[in-house]
Amino acid sequence: MADITIYHKPTCTTCRQAVQRLKESGKPFTAVNYYEQAFTKSQLKKLLKKAGLSPRDVLRTKEEIYQELGLGKKQLSDDELLDLMVQYPDLIQRPIVEKGDQAILARPAESIEKLL
């Protein structure tokens with residue numbers, strides 16, 4: 001198994017740029033479309049912990065579902081946010097790249113260089 005994993009949405013421009021950078025690096029990696037292989041709550045929690053990020057740090061506030069759920073007006077716990085992110089993957093900033101005990105939110109895509 002590759003030591004680099006990118007969690008992405010294939011139609012996302014930043015995700016495509018990050019995948020291209022990984023390909024150009026020549027390093028083996030695994031690409032996971034988290035819309036097809038959904039995160040579990042514990043998996044997402046561990047991934048964010050590796051990145052030193054809270055669920056609120058990776059919340060996509062401009063998504064329609066964010067507005068529909070009224071998340072800007074609610075004070076939710078990290079656990080409640082994780083539950084919503086697992087249920088509605090559009091709420092998660094992307095791509096997230098993991099290597100060993102490190103992970104980053106690769107926005108912009110160039111930030112992926114930190115893990116290469």
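**Cis peptide bonds**

I located Pro 108 in the segment after strand 4 (102-105), where strands (E, at least two residues) and helices (H or I, at least four) are DSSP runs numbered from the N terminus. The peptide bond joining Arg 107 and Pro 108 is cis, with omega about 0°. I found a cis bond between Arg 94 and Pro 95 as well, with omega about -5°, and Pro 95 sits in the loop between helix 4 and strand 3 (96-99). For context I noted that most peptide bonds are trans.

**Provenance**

This is a predicted model, in which local features need pLDDT of at least 70 and side-chain atom pairs count only at pLDDT 80 or more, while totals for chains, interfaces and linings use all residues. Residues are numbered from 1 along each chain as its sequence is written, and side-chain values use heavy atoms, with hydrogens and water left out.

**Nonpolar cores**

Of its 20 residues, Tyr 7, Phe 39, Leu 44, Met 85, Leu 91 and Ile 92 touch the most other members. Helix 2 (41-51), helix 3 (64-68) and helix 4 (78-87) each supply at least two residues of this core, and the largest share, 4 residues, comes from helix 4. A second, separate core has 11 residues, including Ala 18, Leu 22, Ala 106 and Leu 115.

I then listed the contacts (heavy atoms within 4.5 Å) of Leu 91: leaving out residues up to four places away in sequence, Leu 91 touches Val 58, Leu 59, Arg 60, Ile 65, Tyr 66, Leu 69, Leu 71, Leu 84 and Met 85.

Which residues of helix 4 are buried? They are Leu 81, Leu 82, Leu 84 and Met 85. Seen down the axis, the buried residues of helix 4 fall within an arc of 165° (taken from the directions from the helix axis to the C-beta atoms), so they line one face of the helix. Helix 2 is included in what covers these buried residues.

On the contact itself, I recorded that it is made by Lys 41, Leu 44, Lys 45 and Leu 48 of helix 2 and by Asp 79, Leu 82, Asp 83, Met 85 and Val 86 of helix 4.

Note on methods
Core = buried A, V, L, I, M, F, W, Y, C linked by side-chain atoms within 4.5 Å. Buried < 20%, exposed > 50% of the residue type's maximum accessible area, 1.4 Å probe, protein only.
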